[in-house]
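Please keep the sequence and the structure in view while reading.

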Amino acid sequence: MSRSFVTLRSLEGFKFYGRKTIVHNLDPRAKALFITTVFVVSLLFTNLYVLLGLLIVHVPFLLAAGVLRRWVYSIRAGALLAGIIFFANLLTGSGVLPALALTVRFLVLLTTFSLFFMTTSPDDLGLALDRVGLVRWLSRRWLGFPNALSFTFTTAVRLVPTLAVDAQTVIDAQRSRGLELDKGNILRRIRNYVPILIPLLLVAIRRSLELAEALEARGFPGREDRTSLYELRFKASDYLLVLGSSTVLAVSMWIFVIHPVLRLPF
Amino acid sequence: MDPSKTPKTILEARNLGFQYEGAEARALRGVNFGVERGEFVLLAGPSGCGKTTLCRCLNGLIPHFYPGVQEGEILVDGSNVTSMPTSEVSRKVGYVFQNPENQLFALTVEKDVAFGPENLGLPRSEIRERVDWAMGITGTTELKNLAPYELSGGQQQRVALAGILAMKPSVVVMDEPTSFLDPVTAEEVMKAVDDLRLEHGITVIVVEHRLDLVSRYADRIIVMDSGKVVADGTVQDVLDGQFDQLTGLGVGVPRVSQLWAMLKRDGLVSGQTPKVVEAAAEKLGGKLST
């Protein structure tokens, strides 16, 4: 019981809650550029101070979005992995500082993704994806129409809670027939889940057929020039974030190329 | 088209037949009927009698979505459903499915209602107008920022209905829309559908076993068995004339009509079979006071 509680808690650190803060209202495209910048910079440099700096940059965002507490959950969930990264590097003889730097890099990546998913509405993300030419092109190539991929994404997010309820129903039903999930060694426990997975898969397939019918009835996929009720629009704060991120990105690349000395870390 | 010359018949099935691919028998055989604009039609019959297949034909899921062999034709507003693309049919015939949860796609109610009009490529102002209208008449405006999983079954079914109405169809087909609902909510949903028909002239076709729920609103009942229409007329006429056939097929006739049939057998009452409790009370009241 307590185990599942911890797992749920750690997922909280990546789950979107509808709120209206300045961070939530940022355009997903601007935020995507921000996390890309953090991602690239953290991979370019192994300097502990640069990486700590990147981590600290997130604090005002976490505070402004009011998600500091839930960010702690995601860090707690990543703590085990962070520990493994630290000791593995220490034991392979990289020294304390590099081991620490790599651990901080992991935490930076964890934080930036956690911030993004906690503050970006999947609906907005779908809209943003629908605006990306590459996504539309791939979508048309693979699935025949341009908004298929962005639709798949939002529907997947929409169905997570529904499938969670389905899973609970199947678990309850199988338990009431005497299935014992928490018995035996680790392999045995994994095998215990087979009678859960098969009915769950069937339920999901059946659900998807019904969804497909209902989609037809709503005129999906619709026309090439499908419209939308809401439109994403860049605000001043978005331009500011884009400007800041792209400057940092450009400067980091420049430093990386012409001042390799800074690459040498410690 | 000149509105005064708009034909009264909105929907027509002509010698309709269908056999699913790989099935041994035909699911529909020689089905003929016409539905008038603004009519409330109840479609009943035992499981597997072809009700759902018929509904699928009405909105073009057959033959576009389900492969098989179709005979005859279905005309909606004078045009043949079979030769129209489904997106075109969906503007004329709206289909509300049994399980409300499997027809909601967006992450909020408002965006879900907007989903159909968005697919039609309507301008934003028009989408806004339709969404507000559809949420207004289904009583879902207060729910507009909630996610589908935060809604009760009745609310979900209302939102599903709103999503269909936002496409402004002239016919709404509902396949057992109340089977996932409790009796009180089911009653509310049926009442909302009837108001819609009376105020907006939308034609309604409802598949329902439990006649208790709809006999009050329906003008007409079509009863099917083994892919054929076995009864077609006003609810009153069919209850009077083919009562035993209905109960034989396992159609859930209104309980008050059942009571009437029993009393009639014992010679205690006579005359028309009432379809709603109020009518029975009136008739029995007269009997009891004498």
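## A covered strand in chain B

E3(B) is mostly covered: five of its five residues are buried. Buried means under 20% relative accessible area, exposed means over 50%, and partly exposed lies in between (1.4 Å probe, protein chains only). Helices (H or I, at least four residues) and strands (E, at least two) are DSSP runs, numbered from the N terminus.

E3(B) has parallel partners. Four bridges join E3(B) to strand E8 (residues 203–207) of chain B in the parallel sense. There, B:Leu42 stands opposite B:Val206. Four bridges also link E3(B) in parallel to strand E9 (residues 220–225) of chain B. B:Val41 has B:Arg220 as its bridge partner in E9(B). Two strands count as paired if DSSP finds at least two bridges between them.

## Basis of the model

This is a predicted model, in which local features need pLDDT of at least 70 and side-chain atom pairs count only at pLDDT 80 or more, while totals for chains, interfaces and linings use all residues. Residues are numbered from 1 along each chain as its sequence is written, chains are lettered from A and ligands numbered from 1 in the order in which they are written, and side-chain values use heavy atoms, with hydrogens and water left out.

## The open sheet of chain B

Four strands of chain B form an open sheet in the order E2-E1-E4-E5, with antiparallel pairing. E2 and E5 of chain B stand at the edges with a single partner strand each, so one side of each has no neighbour in the sheet.

Strand E1 (residues 9–20) of chain B pairs with E2(B) in the antiparallel sense over six bridges. B:Phe18 stands opposite B:Leu28 in E2(B).

## Salt bridges within chain B

Over all chains, the structure holds 32 salt bridges. Each is a side-chain nitrogen of Lys or Arg within 4 Å of a carboxyl oxygen of Asp or Glu. B:Glu12 and B:Arg14 form one of them, with the closest N and O atoms 3.5 Å apart. B:Glu12 is partly exposed at a relative accessible area of 28%. B:Arg14 is partly exposed too, at 36%.

B:Arg37 is partly exposed at 35% relative accessibility, and B:Asp77 is partly exposed at 30%. B:Asp77 also meets B:Lys92 in a salt bridge (4.0 Å, N to O). B:Lys92 sits in helix H3 (residues 86–92) of chain B, 15 residues from B:Asp77.

## Chain A

Chain A has 12 helices and zero strands. Its C-alpha trace spans about 65 × 55 × 35 Å along its principal axes. Of its 266 residues, 38% count as buried. Among contacts in chain A (heavy atoms within 4.5 Å) between residues at least 6 apart in sequence, 75% join residues at least 24 apart.

## The interface between the chains

In the interface, 32 residues of chain A are in contact with 40 residues of chain B. The two chains bury about 3,300 Å² between them, 54% of it on carbon and sulfur atoms. Buried area is the accessible area (1.4 Å probe) that two parts lose on being put together, summed over both. A:Arg158, A:Arg218 and A:Leu229 supply 28% of the area that chain A buries against chain B, more than any other three residues.

Six salt bridges are counted between chain A and chain B. B:Lys111 forms a salt bridge with A:Asp123, with the closest N and O atoms 3.3 Å apart. Helix H6 (122–131), helix H8 (148–176) and helix H10 (194–217) of chain A are the elements that give two or more residues to its side touching chain B. H10(A) brings the largest share, 10 residues. A salt-bridge network links A:Arg131, A:Glu231, A:Arg233 and B:Arg124.
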